[in-house]
Amino acid sequence: MDVKKLISDVKLSSVVPATITGDNKIHHEFTNMDLIMKLHYIKGLYFFKNDAVEGLHIYDLKLPTFKLLELYYQTSGRIRRSGDGGGGGRPFIKCNDGGVRIVEAKCKNKTIDEWLLAMNDHDDEEEELVYDQLLGPELGFSPLVFIQFTWFKCGGMSIGLSWAHVLGDSFSASNFINMWAQIMAGQLSPQFLHKSTKTNKLINNPILSTVGKLPFSLKRVDPVGDHWKITNSCKMHSHSFHITQEQLNQLISKVCVTKLKPFDVICATMWKMLAKVRGEYSSEPAIITIIHRNDDPRDNETTKVSSNNQVIISIVDVNDVRVSEADTSELAELIAEKIVDETRVIEELVEKENGVSDFVVYGANLTFVNLEEAKIYDLELRGKKPIFASYNISGVGDEGVILVLQRPEGGRTVNLVLPQKQIEGLKNKMREEWGVF
């Protein structure tokens, strides 16, 4: 059945901050790391059974959003450019209280359980539950955030968050929606969201004082102007699968290197499988990008304004290793020990070009994203956690992206966005080697 026919009664509206944003907050300047992510979008999806949402109406769901947008006032703004208005200046947010979009929808023909089951068979099933967002071509009128509430025939509800990555990383996005739920429950913490006013000026570093060439983790694309969209050379598909804790333990035991983290082992295993798939018709991915959160304990994510400044972008280059024939343990150790942080070089490049050039990060190389510490299951409605939650990325380059998320009962969820041919080949490899479908 056509997924689009399952979603009906779609209504769009806007919510603005409860109070007018003051003149001292009229502009929100993007950091260099924000701008490097501007062509990418974050998609969060949560499912709640009817006991968590019974009796809730759209008014109840909108009401905490007014207060939320007082805290996250920049999410309610619109993109502008500095300079003379010619369209070539560095982007920033004009905090004009333009609002976020609220989407109401109904799925009258399926229960949540039926939808989740269908998601296992149809890779793109979840896309109808998260608004398909792009910034532009009328950039100055494009909302930065969409929140979609979809009611199912069983009385349950899904919450779909579409978040422009230029606002912040997946941790920022999940903190945003978690705070919405806390406000609805009357649990707003007054010290939340320290309003940082720091700029993104780079400290002089003589080692990185000249950007000699494009960092390996980036791909420069033709100027996109005011339509922040990636153009792919092939059709990209998404797929998700779940690794139980038992399967994960078996996977780690096969690698036999106890100091390695589960993320490193999953990355190495997937990298090798994709090298086998790709090697059948193309070259193996010899360079991968790793995106993860800065694990410095001094950085408390719950007190930071949304941004991408805590994202670390690194590469692993194994041009001297045939990935498809390497031991998984060897690849995992390379990921753990030979990773090269390119974040500072990237920041310097964006600063040098005044934030006006356009790049792809996710999918410039085969990209792995560590979201194991993302608190996506902290979202609660009436004391109930979601029965399923997941995050993904849209606007992904041709090399694809793989996200690794923690599951509440143990194990991992692995979300992939890859060229269609690679998805099919990878499914076959997973059946053969993992028994995972």
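Guide: With a definition: contact means heavy atoms within 4.5 Å. Helices (H or I, at least four residues) and strands (E, at least two) are DSSP runs, numbered from the N terminus. This is a predicted model, in which local features need pLDDT of at least 70 and side-chain atom pairs count only at pLDDT 80 or more, while totals for chains, interfaces and linings use all residues. Residues are numbered from 1 along each chain as its sequence is written, and side-chain values use heavy atoms, leaving out hydrogens and water.

Visitor: Which strands does helix α8 lie across?

Guide: Axes are lines fitted to C-alpha atoms, for helices over the stretch in contact, and angles run from 0 to 180 degrees between N-to-C directions. Helix α8 (residues 262-279) lies across β10, β11, β12, β15, β17 and β18, at about 155° to β15. Helix α11 (residues 420-433) touches β10 and β18, making about 140° with β18.

Visitor: What is the order of the seven strands in the open sheet?

Guide: Two strands pair if DSSP finds at least two bridges between them. The order is β10-β18-β17-β15-β11-β12-β13, with mixed pairing. β10 and β13 each have a single partner strand, so one side of each lacks a neighbour in the sheet. β15 and β17 pair in the parallel sense over five bridges.

Visitor: Which side chain makes a polar contact with that of R90?

Guide: A polar contact is a pair of N or O atoms within 3.5 Å; within protein, one must be able to donate a hydrogen and the other to accept it, and residues adjacent in sequence count only if both atoms are side-chain atoms. For R90 the partner is N32, at 2.9 Å.
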